[in-house]
Amino acid sequence: MNLTISNSNIHDNTVASGSDGIQMEFRGNSQSFISIDTNQFSNNKSQAIQLSSLESAVMDATIQSNTVTRGTQGN
């Protein structure tokens, strides 16, 4: 998998609508290349970004130039 998330405003979620701004989990022997660049994260109920690579999964993640603010909720 190749995924780029850039120039986005990810904000104001809740437990009912997904508490992390971005959450990805990879399993088995998958391979992923993730780029999260130049985004605005604000007022997410939990983490702004949560990535997990489990079992034999391989992940190459680049996270840069993002702005994260807490607002009224979140970590």
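A polar contact is a pair of N or O atoms within 3.5 Å; within protein, one atom must be able to donate a hydrogen and the other to accept it, and residues adjacent in sequence count only if both atoms are side-chain atoms. The structure above is a predicted model, in which local features need pLDDT of at least 70 and side-chain atom pairs count only at pLDDT 80 or more, while totals for chains, interfaces and linings use all residues. Residues are numbered from 1 along each chain as its sequence is written, and side-chain values use heavy atoms, with hydrogens and water left out.

The chain contains eight strands and zero helices; here helices (H or I, at least four residues) and strands (E, at least two) are DSSP runs numbered from the N terminus. Along its principal axes, the C-alpha trace spans about 40 × 25 × 15 Å. The accessible surface amounts to about 4,600 Å², and carbon and sulfur atoms supply 43% of that area; such areas come from the Shrake-Rupley method with a 1.4 Å probe, and for residues only the protein chains shown count as cover. Of the 75 residues, 27% are buried, where buried means under 20% relative accessible area, exposed over 50%, and partly exposed in between (1.4 Å probe, protein chains only). Among contacts with a separation of 6 or more, 83% join residues 24 or more positions apart, a contact being heavy atoms within 4.5 Å.

The interior may be considered next. A nonpolar core is a set of buried Ala, Val, Leu, Ile, Met, Phe, Trp, Tyr and Cys residues joined through side-chain atoms within 4.5 Å. The largest such core has ten residues: Ile5, Ile10, Ile22, Met24, Phe26, Ile34, Ile36, Phe41, Ala48 and Ala57. Strand E3 (22–26) and strand E4 are the elements that give two or more residues to this core, and E3 gives the most, with three. Ala48, a member of the core, touches Gly21, Ile22, Phe41 and Val68 when neighbours within four places in sequence are set aside.

Ser32 lies in strand E4 (residues 31–37) and counts as buried because its relative accessible area is 1%. Beyond residues up to four places away in sequence, Ser32 touches Met1, Phe26, Val58, Met59 and Asp60. Asn39 belongs to the loop between E4 and strand E5 (40–42), and its relative accessibility of 0% is why Asn39 counts as buried. A polar atom of the Asn39 side chain lies 3.0 Å from the backbone oxygen of Ile5, and the Asn39 side chain also reaches the backbone nitrogen of Asn7 at 3.2 Å. Leaving aside neighbours within four places, the contacts of Asn39 include Ser65, Asn66 and Thr67.

Charged groups form a further feature. Side chains of opposite charge can pair when their charged atoms come close. A salt bridge is a side-chain nitrogen of Lys or Arg within 4 Å of a carboxyl oxygen of Asp or Glu, and the count comes to two. Arg27 pairs with Glu25, with the closest N and O atoms 3.3 Å apart. Arg27 also meets Glu55 in a salt bridge (3.3 Å, N to O). The latter pair links distant parts of the chain: Arg27 sits in the loop between E3 and E4, and Glu55, 28 residues apart from it, in the loop between strand E6 (49–53) and strand E7 (58–64). Through shared partners, the salt bridges join Glu25, Arg27 and Glu55 into one network.
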